[in-house]
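The sequence and structure come first.

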Amino acid sequence: MITRRSDLSQDFLAKQAAEIRARINKYQDRARIKDELRQGDVSGYIIHKQTNVVPQLEKALERLRDGSYGICSKCNGSIETKRLELVPGADICMKCIPTKTKRTF
Ligand SMILES: [Zn+2]
């Protein structure tokens, strides 16, 4: 299967790559700080970020390298740039966010 390449500008992609790397560093820093402190409920937050967010961000860096960054993995459409700015590791667009993460009745 050929992955569709995103039509995002090189400037935007470079900005996102920098942002993603900064976020990964930030979470890794926090983990190191946590190691030193070993206390409080901050640890749950860090573990959450480390187990969920960091791998997501690393995948986003891979997509930046292979050119598929910004493409929704579900509908193959473009992910909204506003969403990418807020969630640099996003791999699905707003329309494809599972409804189960919203309120279920
Ligand atoms: Zn989509």
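## Basis

The model is predicted: local features need pLDDT of at least 70, side-chain atom pairs count only at pLDDT 80 or more, and totals for chains, interfaces and linings use all residues. Residues are numbered from 1 along each chain as its sequence is written.

## Secondary structure and contacts

The protein chain has three helices and zero strands, in the order α-α-α along the sequence. Helices (H or I, at least four residues) and strands (E, at least two) are DSSP runs, numbered from the N terminus.

Of the contacts with a separation of 6 or more in the protein chain, 58% join residues 24 or more positions apart. Two residues are in contact if their C-beta atoms, placed from the backbone, lie within 7 Å.

## Nonpolar cores

Of the 105 residues in the protein chain, 15% are buried. A residue is buried if 20 or more other C-beta atoms lie within 10 Å of its own, exposed if 12 or fewer, and partly exposed in between, with C-beta atoms placed from the backbone. A nonpolar core is a set of buried Ala, Val, Leu, Ile, Met, Phe, Trp, Tyr and Cys residues joined through C-beta atoms within 7 Å.

The largest nonpolar core has six residues: Ile-71, Cys-72, Ile-79, Leu-84, Ala-90 and Cys-93. A second, separate core of five residues includes Ile-20, Leu-57, Ala-60 and Tyr-69.

## Lys-26

Lys-26 lies in helix α1 (residues 10–37). Lys-26 counts as exposed because it has 12 C-beta neighbours inside 10 Å. Lys-26 and Val-54, 28 residues apart in sequence, are 10.0 Å apart from C-alpha to C-alpha.
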